[in-house]
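Student: Could we go through this structure together? I would like to begin with its overall organisation and then turn to the details.

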Amino acid sequence: MTDLLEPTTTLPQERRLVTAVPGPRSVELMARRSATVSAGVGTVLPVFVERAGGGVVVDVDGNSLIDLGSGIAVVNVGNAAPRVVAAVQEQVAAFTHTCFMVTPYEGYVAVCEELARVTPGDHEKRSALFNTGSEAVENAVKIARHATGRQAVVVFDHAYHGRTNLTMALTAKNMPYKHRFGPFAPEVYRVPMSYPFRDEPGLSGAEAAARAIAQIETQVGGANVAAVLIEPIQGEGGFVVPAPGFLPALAEWCRASGAVFIADEVQTGFCRTGDWFAAEHEGVVPDLVTLAKGMAGGMPLAAVTGRAELMDAVHTGGLGGTYGGNPVACAAALASIETMRELDLTGAARAIGDTMLPRLRALQERTPAIGDVRGRGAMIAMEIVEPGTTEPDPGLTGRIARACHAEGVVVLTAGTFGNVLRFLPPLVIGQDLLTEGLDVLDAAFAAHAG
Ligand SMILES: *Cc1c(COP(=O)(O)O)cnc(C)c1O
């Protein structure tokens, strides 16, 4: 792991359990939660947080948990990162909101300047800021439709793009995201993803792309496609890494067909995969990218960044929103991006992958239930199956996750079949803490799948 040049938190970087997980104060708060918060909002791990920083989350009972989730790939720079805290404090005391569409402010412009620098490609770019990933995806589709005069949007099996009406339509999985929430938006077409663990063995990225493109051309018609929308590594779908060549072939088809290639980098972005953006790994330059999660150190901020001619095609007033590009969130984003540069967090993400992948592959060697270990940088997952098959085992996946939680390690699950354990540590996590988290995972497998 890279030695970080400066402290990223004052919290002790340790796993420390002083009660059961959850402890009595968390249990009390869960009871209050149930009496007042909609049952429709889920909870992965019912401990209530008091503080968090670096690689730990400290709960109201005094337990210090190792964070391998980052609030779903959000606190890439660490929780309450010092630069972010200082920038937010300064901005919140100056002004909290004017609405950029009413009276603008410099922070919004500065964020868009940074996005033009850090996103793939050296073409002329423009950005627009929003609040959530779903909103960014909706706006990318609006822009692509407006600029092309076409309506069809192509998405992939296992895709996740959000929970608003349009993004539910774009998302593949029924439970829990779509079930009984229809009707969904029209002109959305789903085609096969490149999924090496589940595709026929040896299917190349180019062949998987040809399969998807054949379906687009026969079922939609190239001339009707406004946009092809894809996560360069799928997030909620289970950290599916397409075979090499898949993304470049799709991008090339879009260029030839006049369709907009949109990379949804909401989960993969901002150093997570060891590059600033996952599309860079194969040199793919998307026409539009959607950004959110890792962008602003935990403050709600999202963006669409893309080719100036597409972004500027929209009539004035066609894009926006009351809170989009809130000044406090913009200050946090600028401080986060500065932290990523100063601490070389792309290097830190690669170092996390270099620590995790050999450990998880060694675990896979002795654990027949681990069918696949995959991912890049600090976005790593394993797929849990019935031994010797590709049959998903979501039950075992849940037992392993709960065993890790009980031992003070925050891990998340994912996947269309609920059988993927995924790891998204903050990029500032220390080597010792990461190793200890992996020791706990090893022990959980030994106890439940040995
Ligand atoms: C989380 C996510 C979204 C939705 O973002 P929200 O901020 O939850 O609306 C969209 N796309 C991807 C790839 C995501 O991971």
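Tutor: The discussion below covers the domains, the interface, the ligand site and the salt bridges. Please keep in mind that this is a predicted model.

Student: Which domains does the assignment give?

Tutor: The assignment gives domain 1, made of 24-77 + 344-448, and domain 2, covering 84-342. Their centres, taken over C-alpha atoms, are separated by 25 Å. Domain 1 brings 39 residues to the contact and domain 2 brings 36 residues.

Student: What area is buried between domain 1 and domain 2?

Tutor: About 2900 Å² is buried between domain 1 and domain 2, and carbon and sulfur atoms account for 58% of that area.

Student: What about polar links across the interface: how many residue pairs are in polar contact?

Tutor: There are 22 such residue pairs between domain 1 and domain 2, counting those with both residues at pLDDT 80 or more. Several elements give two or more residues to the side of domain 1 that touches domain 2, including helix H2 (70-73), helix H11 (345-365) and strand E15 (420-423). Strand E11 gives the most, with 5 residues. By class, this side of domain 1 has 21 nonpolar, 11 polar and 7 charged residues.

Student: How many salt bridges are there between the two domains?

Tutor: The count between domain 1 and domain 2 is 2. Elsewhere in the list of ion pairs, Arg422 and Glu236 meet through their side chains in a salt bridge, at 2.9 Å from N to O.

Student: Changing topic, which residues surround the ligand?

Tutor: Among them are Thr132, Ser134, Tyr160, His161, Glu231, Val266 and Lys293. Gly133, Asp264 and Gln267 also belong to the surroundings.

Student: What lies 2.7 Å from a nitrogen atom of the ligand?

Tutor: That is a polar side-chain atom of Asp264.

Student: Where in the chain do Glu407 and Arg15 sit?

Tutor: Glu407 is in the loop between helix H12 (394-406) and strand E13 (409-410), whereas Arg15 is in the segment before helix H1 (24-36). The pair links distant parts of the chain, 392 residues apart.

Definitions and conventions. Residues numbered from 1 in each chain as written. Predicted model: local features only at pLDDT ≥ 70, side-chain atom pairs only at ≥ 80, totals over all residues. Heavy atoms only, no water. Domains from an automatic or database assignment. Contact = heavy atoms within 4.5 Å. Buried area = accessible area lost by both parts, 1.4 Å probe. Salt bridge = Lys/Arg side-chain N within 4 Å of Asp/Glu carboxyl O. Polar contact = N/O pair within 3.5 Å; in protein donor to acceptor, adjacent residues only side chain to side chain. Helix = DSSP H or I, 4+ residues; strand = E, 2+ residues; numbered from the N terminus. Nonpolar A, V, L, I, M, F, W, Y, C, P; charged D, E, K, R; others polar. Near = heavy atom within 4 Å.
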